[in-house]
Structure formats: C-alpha cells, structure tokens
Amino acid sequence: MRHVAIVGSGPAGYYTAETLQKAEDIAVDVIDRLPVPYGLIRTGVAPDHQSIKAVSRRYEGVALADNVRFVGHVSVGTDVTIDELVGLYDAVVLATGAPNDRPLDIPGADLPGVIGSAAFVGWYNGHPDFAGLDPRLTAAGVAVIGNGNVALDVARILAKTPGEFAGSDIVAHARETLAGSAVRHIHILGRRGPHQIAMTPKELGELGHLERASPRVDPADLPPEGDDALLEPGMRKSVTHLRSFSANPVAKPVTIDFDFFAMPVAIEGDGKVQRVVVERTKLDAELRSVATGETYTIEAGLVVSCIGYQTPPIPGVPYEHGRGRFANTDGRILPGLYCVGWARRGPSGTIGTNKPDGIRIAEMVIEDVGRGGGKAGRAGLDALLASRDVVPVTFRDWRKIEAAEVAAALDGNPREKFTSVEAMLAAIGR
C-alpha cells in the first residue's frame with residue numbers, strides 16, 4: 001500500500017486527492033488544522049455566491065471514497081511536523097493555499113481600521129481566526145485597494161441591504177454589523193486603468209443590480225471605445241460594464257466609485273483611519289503605472305487592502321519570500337515533499353485552475369513513489385497523534401457539524417456557520 005498525506009482540504013487538496021484515489025493501492029489522508037473541510041470554499045468564496053460553493057459536493061464524493069479520509073483539527077507544525085509526515089508517508093503534498101494577506105507597505109498601514117482582505121473576507125465568512133475582527137463601519141467612507149474580484153466582493157458585501165443576503169451563508173455577526181453600517185461611499189482604488197483590471201464580467205455585472213448602491217466610473221478614465229476591440233472577450237465584457245456604469249449613473253444612497261489611475265501613498269488619522277492620500281498615476285509605454293505627483297484625499301474610516309495573498313512558511317520547508325510560496329521545481333520541493341495550487345504557483349488563477357494542477361501533481365506523485373516504500377502511513381499517524389492526546393475530527397464528525405449548522409440557519413440561509421473551533425467541537429460532543 002502506498003500512503004499519501006495532503007496538508008490542506010481546500011480545492012487544490014481535494015482535486016489532488018480525486019486523482020490519487022482512483023489509483024490502486026493508495027491511501028490518502030487529507031489533513032487540516034480546522035475541524036471543517038473545504039478551505040476557501042467555506043471561508044473565502046463570497047457568502048452570496050452559493051453556486052460556486054456547490055463545488056464542495058464534488059469534494060465530498062472524494063472524501064467519502066474508501067481510500068480517502070479527512071483528518072481535521074490537526075495542526076502541521078504543532079501536532080505533527082513535516083519531517084514526521086515525510087517519515088510516515090510515501091509522499092506529502094502541501095495544499096495550504098495562500099491564506100495570508102500581502103502587506104500594504106505605505107505609511108499609516110498599521111492604523112486601526114486598516115484590514116487585509118483575507119481578514120475581512122474571513123470575518124464575514126466565519127473563519128475562526130477572524131470572527132472577532134470587529135471592522136469599523138461607523139464612518140461614511142471606505143477605501144478598497146485593489147482591482148480584482150476580491151475587491152469587488154468586498155465592495156458588494158459592504159453595499160448590500162440585509163434583505164439581499166437572503167439565501168447566503170454570511171455569518172450572524174457580520175450580518176448584524178452590516179445591517180447597522182454607516183457606510184455610504186465606497187472607493188475601489190487601482191493603480192492602472194480599466195483595460196488592466198483583473199475583474200470578471202459576472203462579478204462586475206452584479207454591481208449594477210444592487211438595491212441601494214450605484215457603481216460609478218469617471219468617463220475621463222476610460223480609453224477610446226475602439227481600443228476595446230484589442231481585448232480578449234472576457235475582458236471586453238468587463239470593460240463594457242464599466243462603460244455602462246459611466247454612461248448610466250443612477251442616484252442611490254450608496255455609491256461605489258472606481259478610482260482608476262489611483263495609487264494610495266499614505267493612510268492618515270488621529271489614532272485611527274480617517275483618510276487615504278492617493279497619488280494619480282499614468283501608464284508608460286509598457287503599461288506600468290507611473291506616479292504623476294498629483295495627489296488627492298479620500299475620507300475613509302475603513303481601508304480594506306485587496307492586493308494579494310501569500311502562503312505562510314512552514315518550518316523546515318524551503319520558501320520563496322519574494323513570491324510568497326514554497327520553493328519548488330514543478331511542484332517538487334524535496335524528496336517525498338510536494339506542493340500544489342497557490343502553495344505551488346502563488347496566488348493566481350481561479351478555483352477551477354487547481355483541477356489540472358491537482359491532476360498533474362497527483363500523477364507526478366504516483367510516478368515518483370512507484371510501489372511505495374513500506375511506510376506506516378495512516379496507522380503511524382494515528383499512533384503518533386494518540387501518543388500526544390490529539391483526537392482528529394473525521395469526515396463523519398464534519399457531517400454532524402454541518403447538520404448542526406443547517407439546523408441553526410436563520411432567514412432562509414442554507415446554514416449558520418459556527419465561527420469558533422469550540423462551537424464546531426461542541427457540535428460533535430467534545
């Protein structure tokens with residue numbers, strides 16, 4: 001029997017497990033530090049995007065396979081080390097994603113009221129690490145830094161009415177805080193222009209259908225319409241939405257302004273965020289943003305930085321600090337140690353991008369391990385954890401947690417997610 005451990009139960013982990021479980025004589029353990037599986041599907045995808053979260057049912061089919069098991073509430077680096085896993089398994093695949101925010105390196109970034117998108121998204125999605133975040137929604141202005149889909153998610157969640165969250169799985173503490181929000185002006189700041197955004201048409205289009213919020217684009221920021229013909233089709237649709245927002249502004253209580261050619265250079269305030277200093281930019285011949293020296297300020301009581309993510313280092317695992325990922329060659333880190341998904345590539349691509357990545361790494365593992373080295377695998381892990389009084393959460397346990405969340409659902413939502421490890425464990429009688 002060949003034994004493989006996958007560290008991380010998000011999309012990259014389960015797509016890798018999906019290919020591995022189809023091979024003969026392979027046992028796969030999917031290890032996660034939380035008692036619940038699915039990673040960013042549960043705590044990263046916007047709560048009002050339930051159709052995207054539905055992919056977890058595919059992962060459930062993999063998790064229920066006879067040769068795959070979920071090993072939850074086990075922290076790699078604390079409960080068990082990487083070296084111990086490599087000693088127990090023929091292959092260890094790191095699928096830890098990139099859950100940490102890339103730092104916002106400007107003066108004032110440490111002021112209260114400056115939040116990274118991983119933290120803010122984790123807050124409204126019920127991640128135990130961020131449930132106590134308590135973001136400041138008491139001022140009228142918010143600055144969202146970034147020109148990708150995460151920035152759109154943040155702006156949309158801030159702008160929605162309580163009724164628009166029906167059918168989502170936004171957690172109770174976020175729903176209540178947002179219902180009492182004083183936010184009325186949301187600025188989405190991007191260093192470059194409309195033709196350089198990383199926003200997809202579906203997510204942009206949603207902004208045009210919000211009940212109380214109106215997206216706005218300054219016509220002066222848009223390039224000549226004929227230039228859109230040079231864009232690939234998806235980008236062209238996205239820019240078409242921006243042109244619509246520019247041409248058809250609608251008066252609503254909340255505004256979402258796209259500030260293009262806008263580079264935040266400082267955050268100011270007396271003990272808390274009060275304003276963002278923005279420098280106007282222009283594009284050079286290579287489409288890079290260049291500062292112009294002209295500045296303006298945005299009044300804001302909250303700044304959400306959506307400028308990218310990075311994989312947290314693990315002791316003993318080679319790491320590329322500049323790229324925020326594990327050092328690897330096509331997925332191989334060290335003998336018997338691999339990485340997949342954002343932990344391998346850095347934070348790029350969509351959930352679906354992890355499928356071919358998982359397939360490729362799984363096939364590489366199968367080829368490398370051959371018939372296996374006679375290692376102890378899951379029996380060895382169980383013995384090691386038992387010696388340390390660590391009791392893993394099983395997939396059957398997860399189903400009980402899930403059932404308890406569904407039973408607690410409010411306002412027609414599919415579930416009321418537990419936001420602490422203690423609550424998750426209580427649901428299974430621990």
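Visitor: How many helices and strands does the protein chain have?
Guide: The model is predicted. Its secondary structure holds both kinds of element. The count comes to 15 helices and 19 strands.

Visitor: Why does the protein chain count as compact as a globular protein of its length?
Guide: The globule rule gives 22 Å for 430 residues. The radius of gyration of the chain is close to that value, so the chain is as compact as a globular protein of that length. The C-alpha atoms fill a box of roughly 65 × 50 × 40 Å along the principal axes. The radius of gyration itself is 23 Å.

Visitor: What share of the contacts with a separation of 6 or more joins residues 24 or more positions apart?
Guide: Burial first: 54% of the 430 residues count as buried. Then the contacts: among those with a separation of 6 or more, the share from residues 24 or more positions apart is 74%.

Visitor: How far apart are the centres of the positive and negative side chains?
Guide: The chain exposes about 18,100 Å², with carbon and sulfur atoms supplying 52% of it. It has 45 positive side chains and 53 negative ones. The centres of the two sets lie apart by 3 Å.

Visitor: Is H3 buried or exposed?
Guide: H3 lies in strand β1, residues 2-7. Buried means under 20% relative accessible area. The value for H3 is 10%, so H3 counts as buried.

Visitor: Why is strand β10 described as largely enclosed, and how many of its residues are buried?
Guide: β10 spans residues 254-259. One side carries V254, I256 and F258, and the other T255, D257 and D259; both faces are covered.

Visitor: In which sense does β8 run with β10?
Guide: Strand β8, residues 185-189, is joined to β10 by five bridges. L189 of that pairing stands opposite D259. The two strands run parallel.

Visitor: Which residue stands opposite A213 in β10?
Guide: Strand β9, residues 213-217, is joined to β10 by five bridges. That pairing is parallel. Opposite A213 stands V254.

Visitor: Which residue in the hairpin of β11 and β12 takes a positive phi near 80°?
Guide: β11, residues 262-268, has five of its seven residues buried. It pairs with β12, residues 275-283, in the antiparallel sense over six bridges. M263 has E279 as its bridge partner. Six residues lie between the strands, and the one with that phi is G271.

Visitor: Is D25 buried or exposed?
Guide: D25 sits in the loop between α1 and β2. Its phi is near 55°, positive in a residue other than glycine. The cut-off for exposed is over 50%. At 51% relative accessible area, D25 is exposed.

Visitor: How does D330 count by relative accessibility?
Guide: D330 is found in the loop between β17 and β18. Its phi is positive, about 55°, although D330 is not a glycine. At 47%, D330 counts as partly exposed.

Definitions and conventions: Residues numbered from 1 in each chain as written. Predicted model: local features only at pLDDT ≥ 70, side-chain atom pairs only at ≥ 80, totals over all residues. Heavy atoms only, no water. Helix = DSSP H or I, 4+ residues; strand = E, 2+ residues; numbered from the N terminus. Rg over C-alpha atoms; globule rule 2.2 N^0.38 Å. Buried < 20%, exposed > 50% of the residue type's maximum accessible area, 1.4 Å probe, protein only. Contact = heavy atoms within 4.5 Å. Areas by Shrake-Rupley, 256 points an atom, 1.4 Å probe, with all protein chains shown as cover. Lys, Arg positive; Asp, Glu negative; His and termini not counted. Charge placed at Lys NZ, Arg CZ, Asp CG, Glu CD. Pairing = 2+ DSSP bridges.
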